[in-house]
Amino acid sequence: METIVQQLLNGLTVGGIYALIALGYTMVYGIIKLINFAHGDIFMVGAFVGLLAVNLIADSFIVAVLAAVVFCGFLGIFVEKVAYRPLRENSPKVVITSALGLMLIILLAVFARGDVAGIVSSGTFWIGAVLILAVMFWLIRGRVSGRNKNGNSRINALISAIGMSIVISNMVMLLNGPQREVYPRLLPDYSFSAGPFHISALQLFIIAVSFVLMYLLYYIVHKTKTGLAMRAVSHNLNAARLMGINPDRIISFTFLIGSCLAAVAGVLVGTYYNIADPNVGMMYGLKAFVAAVLGGIGSIPGAVVGGIVLGVAEVMGVAFISPSFRDAIAFGILIFILIVKPTGLFGTKMKEKV
Amino acid sequence: MEKHDKILELKNVSLHFGGLKAVNDVSFSMGANEILSLIGPNGAGKTSTFNLITGVYTPTSGDVLYKGRRVNDLKPYEITRAGMARTFQNIRLFKQLTVEENIILAMHNLRKIDLVRSVLSTPFYYRELGGVKKQAEIYLDYFGLMEHRNIRAENLPYGKQRELEICRALATGADVLLLDEPAAGMNPSETEQLMVTINRIRKELSKGVFLIEHDMKLVMGISDRIVVLDYGRKIAEGSPEEIRNDRRVIDAYLGKEVEENAEA
């Protein structure tokens with residue numbers, strides 16, 4: 001019994017973090033029907049930016065979170081602008097942009113094989129990278145105003161998302177090196193006993209932060225003007241833009257919010273496990289994706305419930321079956337839910353339009 | 001025909017989809033406080049014309065002028081902000097939102113609240129929201145939708161959904177309403193009611209109404225002027241009386257039926 005309660009607390013901690021990341025997936029999916037695979041990597045960047053801020057500025061949790069949130073917020077908007085918006089608009093420049101993106105990836109791959117430190121310190125690399133980014137940005141800025149409906153570009157956007165994920169994680173490895181970094185303990189971790197239970201203050205804190213942020217998100221989506229516009233765009237983008245809503249702004253805003261939540265999750269994970277790992281983005285991203293699907297992708301309460309259920313299930317599995325089953329449980333749940341109820345716990349039925 | 005200032009003007013507008021000329025060299029104008037109808041057989045290019053005006057499509061050639069300003073290249077949301085709002089042939093409400101939310105949403109651009117103040121729940125947030133709700137009530141009252149304001153739009157009866165869509169277009173603050181077949185699927189008494197409402201919008205709120213409609217009784221009953229399209233071309237323009245007696249219109253589209261209808 002004691003173990004169960006103890007493990008429940010562990011599960012809630014992990015689940016709260018999954019839920020924070022899953023919210024980003026589900027919101028973006030709700031609005032543009034895209035699974036943003038770069039989201040997990042934004043989470044990972046959040047951890048590293050927090051680490052960097054701690055090293056540069058001050059050894060404080062607040063500093064780490066603020067730096068991570070600001071940086072990842074911009075990164076999320078940037079990713080949307082560079083990788084998804086041109087595809088949505090179906091403009092002819094997509095081809096050019098994609099080609100340049102591919103060039104960038106290849107360049108990075110070539111560089112990454114060599115001596116990382118040497119390359120990073122070489123001026124040629126930086127000038128090259130800045131030039132490529134500048135040209136891409138210029139092309140996208142001057143895009144033709146395509147009015148095509150967002151029809152056939154979904155699979156392209158998905159591929160673009162995977163590419164973006166690779167680019168981001170490799171960028172971090174290039175700048176930081178592929179090794180894990182020790183994360184400073186930003187929060188005092190003392191545990192106290194309540195009856196037979198040992199309760200960790202850090203865990204309580206993480207759970208509390210997760211729920212406060214979820215409430216904040218709920219408030220934004222349901223009580224503010226922008227949130228109303230978000231819901232409208234997700235129900236019917238074409239009707240929304242004829243109501244005077246600029247869908248691009250709402251989409252940017254969605255990426256901003258999702259990325260900020262992921263950034264906080266990144267710092268929390270770093271603090272909790274005392275480690276920042278450039279390779280962790282993909283795995284956390286996938287887990288959060290499972291959580292979003294479990295809850296019904298596109299549904300905000302679904303992402304919260306899905307994240308918590310997944311977290312608890314994983315921790316219980318580790319405690320009572322075997323630690324090596326951790327990932328198997330998560331993906332087992334994904335397979336199970338896709339077979340039994342593909343729309344997820346809170347998902348709505350897909351209506352076939354005739 | 002009364003004299004009006006031109007609020008909306010189409011100058012030699014064409015829209016081509018590959019070889020298909022959906023709209024072909026069409027010119028007409030609309031007065032600020034006018035009820036103008038666009039009629040024509042199926043596939044004549046009526047909805048395409050609406051899409052051109054509201055920025056869904058960009059004209060292949062020609063100009064669309066709104067209040068003397070060229071609006072060809074504006075995006076749909078910019079057109080709405082400029083002052084033209086529309087409804088759709090197939091109702092496009094935000095079904096999962098409540099009736100009131102649909103209206104508040106349409107007031108998006110008129111609202112002066114930012115996110116920070118909303119999240120902090122400053123007194124300004126409550127004052128602003130109160131003002132918006134009051135304004136929404138005025139619009140809802142206009143269409144007799146007040147009692148339904150808290151139910152989800154999808155649960156309204158069909159006729160009410162159409163009215164809500166018009167109400168929502170009105171709430172954007174537009175000076176010109178473009179109604180795409182507002183009476184489609186309505187029964188005769190609902191259509192009757194719709195005519196009264198459209199007339200009230202024009203008279204009491206001094207808006208211009210531009211409508212596409214197949215219901216000849218409605219078209220002939222409320223229009224100041226009518227523009228007739230056939231195969232993307234404008235074949236006639238004039239008062240209901242003139243259109244009714246226009247040989248080309250009768251040949252192309254109305255046949256003898258309209259005369260029977262008109263007499264009835």
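## Helix H12 of chain A

Helix H12 of chain A is largely enclosed by the rest of the structure, because 12 of its 16 residues are buried. The model is a predicted one. H12(A) covers residues 280-295 and reaches 23 Å from its first C-alpha to its last, close to the 22 Å expected at 1.5 Å a residue.

The buried residues begin with Gly281(A), Tyr284(A) and Gly285(A), and then run from Lys287(A) through Ala288(A), Phe289(A), Val290(A), Ala291(A), Ala292(A), Val293(A) and Leu294(A) to Gly295(A). Five helices of chain A pack against these buried residues: H1 (2-32), H2 (39-56), H11 (247-273), H13 (300-320) and H14 (326-340). Just after H12(A), Gly296(A) takes a positive phi of about 105 degrees.

## Tyr273 of chain A

Tyr273(A) lies in helix H11 of chain A, a helix that is among those packing against the buried residues of H12(A). With a relative accessible area of 34%, Tyr273(A) is partly exposed. Leaving aside neighbours within four places in sequence, the contacts of Tyr273(A) are Val14(A), Tyr284(A) and Arg326(A). Of these, Tyr284(A) is one of the buried residues of H12(A).

Tyr273(A) and Tyr183(A) are 90 residues apart along the chain, and their C-alpha atoms are separated by 7.9 Å.

## Chain A as a whole

Chain A contains 14 helices and four strands. Of its 354 residues, 54% count as buried. The chain exposes about 16000 Å², and carbon and sulfur atoms supply 71% of this area.

Among contacts in chain A between residues at least 6 apart in sequence, 80% join residues at least 24 apart.

## The sheet of chain B

In chain B, six strands form an open sheet in the order S6-S7-S8-S3-S9-S10, with mixed pairing. Strand S6 (84-86) and strand S10 (233-238) of chain B are the edge strands, each pairing on one side only. Direction ignored, neighbouring strands of this sheet are turned by 20 degrees against each other on average.

Two helices of chain B are placed against the sheet. Helix H1 (residues 46-53) of chain B lies across S3, S6, strand S7 (176-180), S8 and S9, and runs at about 140 degrees to S8(B). Helix H6 (residues 158-171) of chain B also packs on the sheet, where it touches S6 and S7; its direction makes about 155 degrees with that of S7(B).

## Strand S3 of chain B

Strand S3 of chain B (residues 35-39) stands between S8 and S9 in the strand order. S3(B) is joined to strand S8 (residues 208-212) of chain B by four bridges, and the two run parallel. In this pair Ile35(B) stands opposite Val209(B). S3(B) also pairs in the parallel sense with strand S9 (residues 225-230) of chain B, again over four bridges, and there Leu38(B) stands opposite Val227(B).

S3(B) is mostly covered, with five of its five residues buried. Ile35(B), Ser37(B) and Ile39(B) are buried on one side, and Leu36(B) and Leu38(B) are buried on the other, which leaves both faces of the strand covered.

## The S1-S2 hairpin of chain B

Strand S1 (residues 6-17) and strand S2 (residues 20-31) of chain B pair in the antiparallel sense over eight bridges. One of the bridge pairs has Leu10(B) facing Phe28(B) in S2(B). The two strands form a hairpin with two residues between them, and Gly18(B) in the turn has a positive phi of about 60 degrees.

## Arg111 of chain B

Arg111(B) is found in the loop between helix H3 (99-106) and helix H4 (115-119) of chain B. This arginine is buried, with a relative accessible area of 8%. The side chains of Arg111(B) and Glu128(B) are joined by a polar contact of 3.2 Å.

Leaving aside neighbours within four places in sequence, Arg111(B) is in contact with Ile104(B), Glu128(B), Leu129(B) and Val132(B) in chain B, and with Lys225(A) in chain A.

Conventions:
Residues numbered from 1 in each chain as written. Chains lettered and ligands numbered in written order. Predicted model: local features only at pLDDT ≥ 70, side-chain atom pairs only at ≥ 80, totals over all residues. Heavy atoms only, no water. Buried < 20%, exposed > 50% of the residue type's maximum accessible area, 1.4 Å probe, protein only. Contact = heavy atoms within 4.5 Å. Areas by Shrake-Rupley, 256 points an atom, 1.4 Å probe, with all protein chains shown as cover. Pairing = 2+ DSSP bridges. Expected span 1.5 Å × (residues − 1). Polar contact = N/O pair within 3.5 Å; in protein donor to acceptor, adjacent residues only side chain to side chain. Axes fitted to C-alpha atoms, helices over the stretch in contact; angles between N-to-C directions.
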